[in-house]
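Please look at the sequence and the 3D structure shown here. The paragraphs after them go through the parts one at a time.

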Amino acid sequence: MFFNSLTFAVFLPIVFVLYWFVFNKTKSSQNLLLILASYYFYSCWDWRFLFLLVFSTFLDYYTGIQIEKNKNEKIRKFWFWLSIGINLGLLAVFKYYNFFASSFATLLSDFGLKSSPFLLDVVLPVGISFYTFHGLSYVIDIYYKRIKAEYNFVDYSLFVSYFPLLVAGPIERATHLLPQVKIKRTFDYEKAKQGAYQFIWGLVKKVVIADTCATYANAIFDNYTQMNSWSLVLGAVYFAFQIYGDFSGYSAMALGMSKLFGMDLLRNFNYPYFSRDIAEFWRRWHISLSSWFRDYLYIPLGGSKGSKSKQVRNVFIIFVVSGFWHGANWTYLAWGFINALYFLPLLLRNKNRSNMEMVQLQWNFASAKEILHIFYTFALACLAWIFFRAKSITDAVLYIKRIFTEGNFSSQYLTNERYNYELLLMIALFVVVEWNNRFKEEPLSGKNSWLKVALAIAAIVALGTYSDYKEFIYFQF
Amino acid sequence: MKKFLLFILKISIVLVVVAVALDFGFTTIYKQSKSRGKIDYVFNSSARKYDVVILGSSRANNHFVSDLFEKQGLKTFNYGMSGGHLFEASLLLKLMIERKYEIKNVILEADLNLSNDQQSEGVSAKYLPYLHSSETVRKHFENEKDFNELYYIPFYRYLKFETRIGIRETFFTAIQKKSKLILNGGYYSLGETKGNMKNNITKLKPLPHNKYYEEIKALCKANNIHFIAIMTPMCENVTGMNYFDKVHKAYPEIHNYENVVVENKYFSSCGHMNDEGARLFTNNIIHDFFKSKK
């Protein structure tokens, strides 16, 4: 059940009405309804994985309590590592086992040794990377005594399984979401209205921007050996907007609908393509994941403390692991590694925290320079996205090589029966709208909001891509 | 909460108003169109006179060379539609009759398309802008399973078939961008580039009473149009060629011209002849059905 599906359009109002009109008496009844709705929502993908979700929830709930209750450090450590081990073990089995087994077999064959690895015939449970990370952060925080364990199983389950964030984040923290789960929510008109705006804008990003870009990006990436240089450049740009529209659109819908239930989720995107360097980009892209890795991996490794070589090591570890989190493929590892390379010059020159605020322009030379930096950073991001989108590293390298060697920058007719340049106007319009609203979470609120809502609805209806239905990219992670 | 429910109600009203307005706008544009494809070319026309009208799928569109008929003094238009089924061909003929076309002969390509009486959504979508403007179109679609959604939900048809009648096609229609589909008397020639030169049609079975084939036949009879049904050629490497015998058995009146052109050099893909093959084939048809009568 996707957020942009008709079934969800029925599901959401039913849950909303039940939540505020039937189950609104106590916090417990509200939470119980949301849990039931979340489990139903999750079972719509594959009910068998519901057991995995419940198991993962119970594991972290129980180990969290054991860690807190026991004063003996050895026993605390035991429960801590048991939780970490099982959580990562589940991820390893479902997400990474086949990759490691087949990569090892390839390595052996390179040395002339034949092997037929045992591969698991399993489907990746949707959202496993997200809810596993919820649980991990919770257990780690308890172990380091940053938070108290949650003793109410329903409340804890809701923190892990809350349907707006269950399958593609944002990756929530117990410190942020649990306190909201622990109190009875009362209806707040302004918050709900803001949520509706955010949901509509997320839908625009998904069906108008992401899905339309996808038809072009697919036509170009899937046939890159026949594409000219101009098409290949556009293919990378279209994919950049596809993945941005897709994931930030999903996040906006998640945040928006959560507000309808009176709860705020962590912001996941903050106009990343207006970043002036790659460090700023990573503070604005998939913020909940970046900050997760910062807090639970980068800082424990030493972060930006210690010698430069240690800092460089930490940067490479966090980016490569972040790439690997996205999927069991060398292309994601390469994507993470490339981003680490981009980050390196900033780190070595201590410039990685120089663009902390949203860009503001004036009519002067400094602003012109900032614009150039934005374009440069976007170009770097697009180059890295090629690795993210390509089927293999070889394909990505050949794609990039062809951009520089093919040399033809004319318009080209694609397999989606469109010319390669046709989307540029729509993307330009989207960028202008985002730019003008970069200090807000969404562009629909404020002055003339009804006109803007009408235009957004018109865009969804008239400009959306529906016949070639695409699911959200991040569901596969 | 009341305030929010009112807010949601307002958004719902905006959604309906936007959908109705867009539906009206798109439909108005399609009702002016005469040059984007064969369906609007017929729908927005008045009486035309033809000696020969050709109907069918791409195997009609790419195989009957209108110019060769014209050279014989036969005013001809090839209304074959790539990807189309008999569902769409039948409706096109109904619209021609409704517009008082004077037609002497209808040549219907009837072979592989006899195996189903479903609509071809990609082609039939082009009729949908006229769903509310034509009783004929409405009646033709009314037994289709998604008719109610298409008919009653404003803009749903444009949204569902956005690749066919969505914003892009509407824009091209509005600026009256010419399409190649109605040039050369509707005939679309294929080049030498070889597509798949193998085909397996063993699973295809002609329906014993194809609803839309019978409908076309009946329409011709009722309007004194000479009806000629023809099976058209396929390449050498086809498995299941007895399909054409089955067609002949079920419909003895269909003329079997499948083996008139055989060699692969006359084909662009297994089911479609190139221009040279199409000319060879068309000359045979003209010779057998028209020259002999003159």
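In β3(B), which residue is the bridge partner of V53(B)? The bridge partner of V53(B) in β3(B) is V106(B). Before going further, some conventions are needed. The model is predicted, and local features need pLDDT of at least 70, side-chain atom pairs count only at pLDDT 80 or more, and totals for chains, interfaces and linings use all residues. Residues are numbered from 1 along each chain as its sequence is written, while chains are lettered from A and ligands numbered from 1 in the order in which they are written. Helices (H or I, at least four residues) and strands (E, at least two) are DSSP runs, numbered from the N terminus.

The opening question concerned a sheet in chain B. Strand β3 of chain B (residues 102-109) runs parallel to β1(B), and 6 bridges join the two. Two strands are said to pair if DSSP finds at least two bridges between them. With strand β2 of chain B (residues 76-78), β1(B) pairs over 3 bridges, also in the parallel sense. V52(B) can be followed to both neighbours: its bridge partner is N105(B) in β3(B) and T76(B) in β2(B).

These strands belong to an open sheet of 5 strands in chain B, with the order β2-β1-β3-β5-β7 and parallel pairing. β2 and β7 (255-256) of chain B are at the edges and have a single partner strand each, so one side of each is left without a neighbour in the sheet. As a general point, the side chains in a regular strand alternate between the two faces of the sheet.

Chain A has another make-up, with 18 helices and 0 strands. Its radius of gyration is 23 Å, close to the 23 Å that the globule rule gives for 477 residues, so chain A is as compact as a globular protein of that length. The radius of gyration is taken over C-alpha atoms, and the globule rule is 2.2 Å times the number of residues to the power 0.38. Along its principal axes, the C-alpha trace of chain A spans about 65 × 65 × 45 Å. Of the 477 residues of this chain, 43% count as buried. Among contacts in chain A with a separation of 6 or more, 73% are between residues 24 or more positions apart. Two residues are in contact if their C-beta atoms, placed from the backbone, lie within 7 Å.

Helix α10(A), residues 229-260, has 32 residues and reaches 46 Å from its first C-alpha to its last, close to the expected 46 Å. The expected span is 1.5 Å times one less than the number of residues. Of the 32 residues in α10(A), 29 are buried. The helix is followed by G262(A), whose phi is positive, near 80°.

Most residues other than glycine have a negative phi. E417(A) is not a glycine, yet its phi is positive, about 60°. E417(A) sits in the loop between α16 (393-406) and α17 (424-436) of chain A, and it is exposed, with 10 other C-beta atoms within 10 Å. In chain B, N224(B) has a positive phi of about 55° although it is not a glycine. N224(B) lies in the loop between α12 (211-222) and β5 (226-231) of chain B and counts as exposed, with 9 C-beta neighbours inside 10 Å.

The last topic is how the two chains meet. In this contact, 16 residues of chain A touch 17 residues of chain B. On the chain A side, α9 (189-221) and α18 (449-463) each supply at least two residues. α18(A) gives the most, with 7 residues. By class, the chain A side has 13 nonpolar, 2 polar and 1 charged residues. Ala, Val, Leu, Ile, Met, Phe, Trp, Tyr, Cys and Pro count as nonpolar, Asp, Glu, Lys and Arg as charged, and the others, Gly among them, as polar.

Notes:
A residue is buried if 20 or more other C-beta atoms lie within 10 Å of its own, exposed if 12 or fewer, and partly exposed in between; C-beta atoms are placed from the backbone.
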